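Subject: Structure handover

Hi,

Here is the structure I promised to pass on. My notes follow it.

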Amino acid sequence: QVQLLKSGGGLAQAGGSLRLSCAASGTFSSIGVMGWYRQAPGKQRELVAIITSGGSTNYPDSVKGRFTISRDNAKNTVYLQMNSLKPEDTAVYYCNANVNIRGVVLTSWGQGTQVTVSS
């Protein structure tokens, strides 16, 4: 069983910054792609950022240049640095990870954390 334990989030003013982290724990062989998603009220969950085990990243245009995803493979942890926050970034943020357990790759999700950006 794999758990993704998140920390960070909360309230920020427009233009401010927040940092999220998410650590994987449990029994697994390796972790592949890790990512952050968000879901605003009344909207579908959307991709915020992903990072491969080798460090390659991808972002949608809505956050490119403002958000930075990184990971510490030794700590099985993924981070999301959010700068220049906008009110439209307000959402519940979720981390996920593709985890290899005995040759089977499973996608695990962490519990969401609320990010609220005030104007």
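A disulfide joins Cys-22 to Cys-95, with an S to S distance of 1.9 Å; the term means a pair of cysteine sulfur atoms within 2.5 Å. The count by this rule is one. Cys-22 lies in strand 3 (residues 18-26) and Cys-95 in strand 9, 73 residues apart, so the pair links distant parts of the chain. The S-S torsion is about 40 degrees, so the disulfide is right-handed. Cys-22 is buried at 1% relative accessibility. Cys-95 is buried at 1% too. Buried means under 20% relative accessible area, with a 1.4 Å probe and protein chains only.

This is a predicted model: local features need pLDDT of at least 70, side-chain atom pairs count only at pLDDT 80 or more, and totals for chains, interfaces and linings use all residues. Residues are numbered from 1 along each chain as its sequence is written, and side-chain values use heavy atoms, without hydrogens and water.

Strand 9 (residues 91-101) runs antiparallel to strand 10 (residues 104-109), joined by six bridges. Strands are DSSP runs of E, at least two residues, numbered from the N terminus; two of them pair if DSSP finds at least two bridges. Asn-96 stands opposite Trp-109. The two strands form a hairpin with two residues between them, and Arg-102 in the turn has a positive phi of about 50 degrees.

The largest nonpolar core has 30 residues. Such a core is a set of buried Ala, Val, Leu, Ile, Met, Phe, Trp, Tyr and Cys residues joined through side-chain atoms within 4.5 Å. Strand 9 gives the most, five residues.

Best wishes

Technical notes. Helix = DSSP H or I, 4+ residues; strand = E, 2+ residues; numbered from the N terminus. Buried < 20%, exposed > 50% of the residue type's maximum accessible area, 1.4 Å probe, protein only.
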